[in-house]
Amino acid sequence: MSRSATRISQNSIPGLVTYRDNSLPLECAVIFFRFGAALLLVVSVALAGTALETRNLALKRSLSQQQYRMAELMEKQVALRLESQRLGTPAKLLEALERGDASLYRPPKPQRVDERRAPLLNWNPAENRSSRQRPATRK
Amino acid sequence: MSSAPEPTTPILNRARFVVTVIGIIWSVLALRLVQLQWWQQDRFADRAEQQREFAEEVMARPGDIVDRQGRLVATTLTMRSLYVVPSRISKPWTVANSLAEILDLQADSLFEKMAERHRHFLWVKRRLTTAEVDKVKELKLPTGSWGFRDEYRREYPQGVVAAHVLGLRDIDGVGRGGIEEGLDHLLGGAKGKRKLARDSRGRVIEILDDIEEPPLPGQNVQLTLDLVVQLFAERELDALMAEWKPESCSAIVLNPKTCDILAMATRPTFDPNHPEKASADAWKNRAIADIYEPGSTFKPFVVSYGLDQQVLHKSDMFDCEHGQYRMGRRLLHDHHRYGTLSLTDVLVKSSNIGMAKIGERLTNDRLCAAANLFGFGRKTGIELPGELPGILRPLKQWTGYSTGSIPMGHELATTPLQLIVAHAALANGGMLLRPRIILPPNSDSTAAVRQISETTVSPEVARWLVEVPMQEVVTRGTGKRARIPGYNVFGKTGTAQCISPAGGYVHGKYISSFVCGAPVEDPQLLVLVVVNQSSVGGETFGGKVAAPAAAKILKQSLVYLRISPDEHLLKAAAKWKDDPPE
């Protein structure tokens, strides 16, 4: 592209003449556009990076929280299981069952499909026939 | 304009010298920098990393232990342990006093430890309860001078039940005794590692993301024990201890077809939740770590081997010399004066003279072979640590004395487990199986076939032993107290004198034992009770002390496991009870 210039003024300094570049608006626009585009690109990459990093940190935090919650729930499950097993140990239940103070209760919808054989606690069927007919009290 | 004066030569030389020196110094520094940053970069980077980061062990959660029905026997809870940093505590007495008050500790001893200012770590109390943790938090101790660390605590919800089988885990999580020790490699899991970043003073400032090795939780283990059967055994042992006041006693219940141990109990015992309260003699699992002379419970093995080798015949008769028999220089006695006894009666009446004569017929070679065949003198291979092999001397050390002693169950020592496993071989038709206390994963608990087995005697001989002499021991012999209405029971009593540590026997001290099983037609259960040195009632025969307890365990277990009684026998028993014969 050929450059054209118009003489504007004669300055007080001898020999110095000011010219106006006729192609300036277009050239400037191109330069500014390039600069702006580059800046935009850099800023958008930076913003995208920041957004990704923020999202990444949020996910990490969420994952960490979930792991913590899972660990807490597992701990609670262990503690509750332990407590339930403690309350239902054969050592605690057996004598009450034998005396007839407690009876075996079969839930209407058992959790375990495979039937677990419950202990039969009448040692001598001939001797305990009468006690078996007695209505059992549930504690 | 006049020009500047030319510098003189000395000044120029000095300037050159200074420039040269500075140049050399800069060059040396630059070279050193290049050396550090280029050639020694990796080394220094590693050192810097080591100073900043350190690896901490992450404990693995031990696996649970359950019985064959899935009842929880041992599990692990996460607890918090309190530590302090004495070097950062400015008022040790105040801190020690306030901590001792809420944690039930001795303030003085805690203060003494805290006053050692050079220490950077001190456990105050490990495995705190939730309430204690809350109280410590409420104290608002100076930041950086204290903290909690998570630790695992082993819990045994069944208390003393099966304590010897389980063992326990010590405060550092290491298995001690029983399954906890024997299967520590499975239960304990594998420790992990994580990296922590610290500042120049060694304070942890960051837990780095990358866990080098995540901890591997321990595997769950399922025992062959049934806690209800175990409880039956433990209750009877408690009753035995109260009635006969022996030094110790033990009981084993097993399924002879699979050699699965359903119960293994020992008295005295301990609570694994409170090991500090256990007495010194309570730690030993006497079912596998106590040896004794089996006495008459050994006799069926000698007879079965003799029959199998066709040295003996079922119709053989033995002259029992009316209670006295000289064998070499030794005079043997029977408890009763028997004349001629059949082979069956020798076992039913438990005649020592009859057995000595059987020993003479078999000779030492065959007696030794019989003892070896039934597994005496070697470990059974159960998954528990501390099992003893018993004592069976090499044949070359046997004498003429042994010919009379071995058939009576003397001159050899066995553990209760060895004895019941050998009896299981007779009950299951002659197969000596390796006992087990761990159910293999995903196995059907009723699986009968075991890979490790040895044939001892023929099934016909084993069946005859169980159906005839051993059943008659219970119906009309020394084990009458073991009769159970509705079931055909077989068994064998045993009474042996205690061996003195100084050699010979302890006068008036006996080990009474009784092994029994039922039903005779298809043995499903076998029970052994061994009572060591009863201090009540003089000569404590196996049939008097151990048989009733063994029969009670057997009876309760048969009913619990729904092994059907024989209706005819039940009716006969009821009729006999209503109208006893004259």
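1. Helix 9 (227-244) and helix 17 (542-560) of chain B pack at an angle of about 160°, with their axes 9 Å apart. Axes here are lines fitted to C-alpha atoms, for helices over the stretch in contact, and angles run from 0 to 180 degrees between N-to-C directions. Helices (H or I, at least four residues) and strands (E, at least two) are DSSP runs, numbered from the N terminus. Helix 9 of chain B and helix 17 of chain B are therefore roughly antiparallel to each other; angles over 145 degrees count as such, those under 35 as roughly parallel, 65 to 115 as roughly perpendicular and the rest as oblique. Their crossing is right-handed, the near helix being turned clockwise from the far one by less than a right angle.

2. The model is predicted: local features need pLDDT of at least 70, side-chain atom pairs count only at pLDDT 80 or more, and totals for chains, interfaces and linings use all residues. Residues are numbered from 1 along each chain as its sequence is written, and chains are lettered from A and ligands numbered from 1 in the order in which they are written.

3. In the contact of these two helices (C-beta atoms, placed from the backbone, within 7 Å), V228(B), V229(B), F232(B), A233(B), E236(B), A239(B), L240(B) and W244(B) of helix 9 of chain B meet V545(B), A549(B), K552(B), I553(B), Q556(B), S557(B) and Y560(B) of helix 17 of chain B. By class, the contact between helix 9 and helix 17 of chain B comprises 11 nonpolar, two polar and two charged residues. Ala, Val, Leu, Ile, Met, Phe, Trp, Tyr, Cys and Pro count as nonpolar, Asp, Glu, Lys and Arg as charged, and the others, Gly among them, as polar.

4. The contact takes 22 residues from chain B and 19 residues from chain A. On the side of chain B, strand 3 (72-84), helix 9, helix 17 and helix 18 (567-578) each give two or more residues. That side has 12 nonpolar, six polar and four charged residues. For the complex, the predictor gives an ipTM of 0.75 and a pTM of 0.78.

5. Chain B is divided into domain 1 (53-71 + 158-223), domain 2 (79-150) and domain 3 (227-271 + 286-438 + 453-578), with bounds from an automatic or database domain assignment. The C-alpha centres of domain 2 and domain 3 of chain B lie 58 Å apart.

6. The peptide bond from R267(B) to P268(B) is cis, with omega near 0°, and P268(B) is in the loop between strand 12 (260-267) and helix 10 (286-289) of chain B. The bond from A518(B) to P519(B) is likewise cis, with omega near -15°. R127(B), in strand 4 (residues 122-128) of chain B, has a positive phi of about 55° although it is not a glycine.

7. Regarding confidence, the mean pLDDT (the predictor's confidence in each residue, from 0 to 100) of chain B is 88, and 95% of its residues reach 70 or more. Over residues 445-449 of chain B the pLDDT is below 50, and this stretch has five contacts in the model beyond near neighbours in sequence.
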